[in-house]
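The following note collects points for a colleague who is examining the model in detail. Please read the numbered paragraphs alongside the structure.

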Amino acid sequence: MMKKRIVITGIGVLAPNGIGKHEFWSALKKGASGVKPVTLFDTSNLRTKLAGEISNFNPKTILGQKGLRNLDRTTLLVLCASKLALEDAKLPCPVPEKDTDICGVSLGSTMGSVRSISEFDKEALREGPRAVNPALFPNTVINSPASHISIKFNIQGFNSTIATGFCSSLDAIYYAMNMINLYEYKVVLTGGVEELCEQTYKGFHKIGHLAGSRPGKEEIDCPFDKRRNGIVMGEGACIVVLEELEHARARDAKVYAEVLGYGTSFDPESKNIYSPKAKGATESIKYCLEDMGLKEGDIAYISASANSTLDCDVMETRAVKNVFGKKAKKIPISSIKSMIGDSFSASGAMNLGASIGVMEENFLPPTVNYKKLDRRCDLDCVPNKTREQEINNILVNSFSPTGNNSSLTIGKL
Amino acid sequence: MPKINMQNLEKEIKSVISEIAEVEPEKITPEANFVEDLGMDSMMALEILASLEKKYKIKIPEENLMKLTNLKQTLELVKDLVNK
């Protein structure tokens, strides 16, 4: 089947180190971290205190005063990102009736409704079924944030939520690409969202997945560094406008990048641990390059999945070496998670949002907090200092400890 | 149960409606229709019902939902139920 060419024509991002593309890219360029003490909930009885929390988030400044009262944080974050993306793409907002059937939504989110479910059920169980606010019930389903995008911006083509854990965003973007390729859709809002919530934070704390959650460990966000011992949780929303190239050209839209390929592979050796042999991650990258006939030498930068856990960083290093061989050490690979934390389902979209900035403003974001070499993670992780560099093709990785592995490549048009 | 001040009841109910429908309190006249004049939807009506039940510790039977069409009727319904 002849594939249609698909490009990115808009971006809306809310990150712990900046709201909107300019703030976000500028922070990445400076190596400015958004990791800070949590204020959304009490951490006094936990070993960990930090997270990539989005401070000063005031959705009314982006979305207006009304209609936001019953929406949860996840939904508000993704609505703001969607609005920013539509505006950035210079598309009418809301979408007019005549164009709405060629537009769709494909969102990656897995735990976005956990807080809403928990709060609703808590009240129903404690005070009885009559005590709950019925208007809060719709928030408890996983496809609620995506649905609100369509409701708010009048997008009637299709609406999907992809929940594949850490890989959700990249998988949602691939779903969007398929919908454009297979049908008559021309414009899709796609990406990912995840809010920082007490329930998931405590869950990750309990399983020892957070940096500093195990006794004697430092609470530090330092991917590829020997001192790493877990993630710092983050939150974020990044929505991009995917558009068929011809449609973008017809309306004279600015094109940031072309989406070149996607690969995915499930690794059954991952049983709550990143697969030590990196079979799935290796295949994911390999299939991604093969998808559009790219060669190893075509990739100039890798936006890493590495998240400051012992295993993920080693697994990604191994996968990159498996695919790129001797060239592996020459390809810069940095982890923006060192600055924004790991935002789970949103992380792939956050990496993509950063990668668009890399192409647009010719810089490599650093892996901050890097100090101590781990011989098992010996790639060029752009330690601590940003680099000026023009980049053509970028590989974005999202790997998980539960089997899913996905990769995406974008390139300059 | 704390005694309900009937004088304040209208003001309080108006405040609940104002918050849920996101309209200015002065627009909520006794006869203003919730749907046609204040732009409310069925979810907002359910929310008002649940909110009043909680606030005044009353049970509004679902069949009375249709009666909640303006402030005047809502006030009368709540008055009846709190006096029972």
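1. Domain arrangement. The centres of domain 1 and domain 2 of chain A, taken over C-alpha atoms, are separated by 21 Å. The model is a predicted one. In the domain assignment of chain A, domain 1 covers 6-257 and domain 2 covers 262-411.

2. Contact between the domains. In chain A, 61 residues of domain 1 are in contact with 60 residues of domain 2. On the side of domain 1 of chain A that touches domain 2 of chain A, at least two residues each come from strand 1 (6-15), helix 1 (21-30), strand 4 (50-52), helix 7 (168-182), strand 7 (187-194) and strand 8 (236-244) of chain A. Helix 7 of chain A gives the largest share of that side, seven residues. Divided by class, the side of domain 1 of chain A that touches domain 2 of chain A holds 33 nonpolar, 18 polar and ten charged residues.

3. Helix 1 against helix 13. How do the axes of helix 1 of chain A and helix 13 of chain A cross, and within what distance do they come? They come within 10 Å and cross at roughly 80°, which means that helix 1 of chain A is roughly perpendicular to helix 13 of chain A. From helix 1 of chain A, the residues A:Lys21, A:Phe24, A:Trp25, A:Leu28 and A:Lys29 meet A:Gly353, A:Ala354, A:Gly357 and A:Glu361 of helix 13 of chain A. By class, this contact of helix 1 with helix 13 of chain A comprises four nonpolar, two polar and three charged residues.

4. Helix 3 against helix 6. Helix 3 (residues 73-88) and helix 6 (residues 144-153) of chain A have axes that come within 9 Å and cross at roughly 45°; helix 3 of chain A is therefore oblique to helix 6 of chain A. The crossing of helix 3 of chain A past helix 6 of chain A is right-handed. Helix 3 of chain A makes the contact through A:Thr74, A:Thr75, A:Val78, A:Leu79, A:Ser82 and A:Leu86, and helix 6 of chain A through A:Ser144, A:Pro145, A:His148, A:Ile149, A:Lys152 and A:Phe153. The residues of this contact of helix 3 with helix 6 of chain A are six nonpolar, five polar and one charged.

5. Backbone geometry. Most residues other than glycine have a negative phi, and most peptide bonds are trans. The peptide bond from A:Cys93 to A:Pro94 is cis, with omega near 10°, and A:Pro94 lies in the loop between helix 3 and helix 4 (97-100) of chain A. A:Asn56, which is not a glycine, has a positive phi of about 50°. A:Asn56 belongs to the loop between strand 4 and helix 2 (59-63) of chain A. With 6 other C-beta atoms within 10 Å, A:Asn56 is exposed. A:Asn362 also has a positive phi, near 55°, and is found in the loop between helix 13 and strand 12 (363-364) of chain A. A:Asn362 is partly exposed, with 13 other C-beta atoms within 10 Å.

6. A:Asn272. Is A:Asn272 buried or exposed? It is exposed, because 9 other C-beta atoms lie within 10 Å. A:Asn272 sits in the loop between strand 9 (257-264) and helix 10 (279-291) of chain A. Its neighbours within four places in sequence aside, A:Asn272 is in contact with A:Pro401 and A:Thr402.

7. Contact between chains. Seven residues of chain B are in contact with seven residues of chain A. The side of chain B that touches chain A has three nonpolar, no polar and four charged residues.

Note on methods:
Residues numbered from 1 in each chain as written. Chains lettered and ligands numbered in written order. Predicted model: local features only at pLDDT ≥ 70, side-chain atom pairs only at ≥ 80, totals over all residues. Axes fitted to C-alpha atoms, helices over the stretch in contact; angles between N-to-C directions. Helix = DSSP H or I, 4+ residues; strand = E, 2+ residues; numbered from the N terminus. Parallel < 35°, antiparallel > 145°, perpendicular 65-115°, else oblique. Left-handed = near helix turned anticlockwise from the far one by under 90°. Contact = placed C-beta atoms within 7 Å. Nonpolar A, V, L, I, M, F, W, Y, C, P; charged D, E, K, R; others polar. Buried ≥ 20, exposed ≤ 12 C-beta atoms within 10 Å, placed from the backbone. Domains from an automatic or database assignment.
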